[in-house]
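Reader: Please take a close look at a single part of this model and describe its surroundings. After that, go on to the charged pairs and the surface.

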Amino acid sequence: MLITKLAAYARENNLVDDPLFEMKAVNFLVTIREDGATFGVRPLGDGKRGEEARVPKKVGGNAGGVATFGTDNARFVLGLTDTGEPNEKTTRDLAAFRELLRLAAEDDPGLRAASEFYDDAGRVSAVRDAARGAGAKEASRVALSLTSDSELHLANTPAGRAFWRRYRTAQDAAKPKGEAVLCLSCGELRPPVATNDTKIMGLSGGQPSGTALVSFDKDAFQSHGWDQNANAAVCEECSQAYTRGLNRLLKRDNSPKTRIDEAGVAFVAWADAAPPAPPPNGADRDAVDLEELLRGMEQGLLDVIDEPNTDHAIAVFQAISSGKPLVGEPDRRLYVLGLRGNGGRAVVTDWLDTSLADAYRNLARWFDDLAVQLARDETEKGVTYRHTGDLSRPPRLWVLCRATAREDKE
């Protein structure tokens, strides 16, 4: 159920339209001119999170030495380390990155400048120093571009995308195919993935390289001859979908908000895709149209929990608490998932599957139960929101949490 709903979320949001590419934040762009002898280094984004871009999806890179074409972390692209000293990893990974460029240049002469740039160790050293001076770290994602392509990321040029498709298609064709079994997500007979190449990122307690939601690596977990993830068989397409969907939900800058962190647990929330608005019905004239209310909100459920005292959130609570019937697809489902990391694994701590209408109805009742009569005016930044004797506005979540400890940091 959980994996199936995450996969459905990914498909509804077009996250798996091209399984050979994925969206990643790119921190730095290295631009190479056609003569291969000059370059430029430019930070991307806000200096913290980088700039979202479509990049080739890395497959089989957990053991190291496996690069992606035209973009990767700074250790692969530039041989950069946080210590400033080269090591066995940087030599191995930089060589893997260069090899992909060499193969691409064989297929398309237009990519030759990027490959030839790496033939001069002095040039690579100079761009490495420039990137470090611009704030690049070993884990920063760096992309290459050519001035002849108007600084379009090398991997996103027509030649770059075509090369990656040919390269990955050949890789997949050479892989031994497992026996087709019933995929526990889509229900089709397909070979299951042995391991998840796409990792879950950003969980407290998890490895920086990511965690796996499905993982088997001990003999005791592999009964009846089921090796690795064949114990919980999910096909490649569904594996790609649910991991991409979960990584999107775990992004901290989504709007509406999809993630809240409490006590080391990341809670993510999402709902089924909203169906088309139904035609007006005279019998529903006095009912509350839940979909219409929610369409007017720039907030999602987690925004409301964090900031329940906005005017629109209060209007929604009041409408739902009015006792009038709810129309407008009240059975649309809401899902809330709690996760924390444990080394290389993601641990599910909570799972909720309920109707969106029930969630908002219960939330409205909860905030109504918390309301108290004010002993003095309620003001914020010079604005009076409630007067003495009125019921208080819904309290922010952090205010409730703070009331349980002596100091905020607790």
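Author: Strands, like helices, are DSSP runs numbered from the N terminus, and a strand has at least two residues. Strand E6 is the one that holds Ser 145. The model is a predicted one.

Ser 145 has a relative accessible area of 1% and is therefore buried, the limit for that class being under 20%. Its side chain makes a polar contact with the side chain of Thr 31, at 3.0 Å. Leaving aside residues up to four places away in sequence, Ser 145 touches Leu 29, Val 30, Thr 31 and Ile 32, and also Glu 151, Leu 152, His 153 and Leu 154.

The side chain of Glu 138 meets that of Arg 75 in a salt bridge, with 3.1 Å from N to O. Glu 138 and Arg 75 are both buried.

This salt bridge belongs to a structure that holds 25 of them. Another joins Asp 261 to Arg 259, with 2.7 Å between the closest N and O atoms. Here Arg 259 is buried, at 7% relative accessible area, whereas Asp 261 is partly exposed, at 31%.

Arg 361 and Asp 358 also form a salt bridge, their closest N and O atoms being 2.6 Å apart. Both residues lie in helix H11 (residues 356-370); because they are 3 residues apart, about one helical turn separates them. Arg 361 is partly exposed, with a relative accessible area of 29%, and Asp 358 is likewise partly exposed, at 34%.

Salt bridges also link a group of residues into a network: Glu 307, Glu 378, Glu 380, Arg 393 and Arg 396.

On the surface, Met 1, Val 348 and Trp 351 make up a nonpolar patch, and together they have about 290 Å² of accessible area. Met 1 is located in the segment before helix H1 (2-12). Its relative accessibility is 57%, so Met 1 counts as exposed, a class that begins over 50%. Ser 145, by contrast, is buried.

Note on methods
Residues numbered from 1 in each chain as written. Predicted model: local features only at pLDDT ≥ 70, side-chain atom pairs only at ≥ 80, totals over all residues. Heavy atoms only, no water. Patch = residues over 30% accessible without salt bridge, like charges linked within 9 Å, V, L, I, M, F, W, Y side chains within 5 Å. Areas by Shrake-Rupley, 256 points an atom, 1.4 Å probe, with all protein chains shown as cover. Salt bridge = Lys/Arg side-chain N within 4 Å of Asp/Glu carboxyl O. Helix = DSSP H or I, 4+ residues; strand = E, 2+ residues; numbered from the N terminus. Buried < 20%, exposed > 50% of the residue type's maximum accessible area, 1.4 Å probe, protein only. Polar contact = N/O pair within 3.5 Å; in protein donor to acceptor, adjacent residues only side chain to side chain. Contact = heavy atoms within 4.5 Å.
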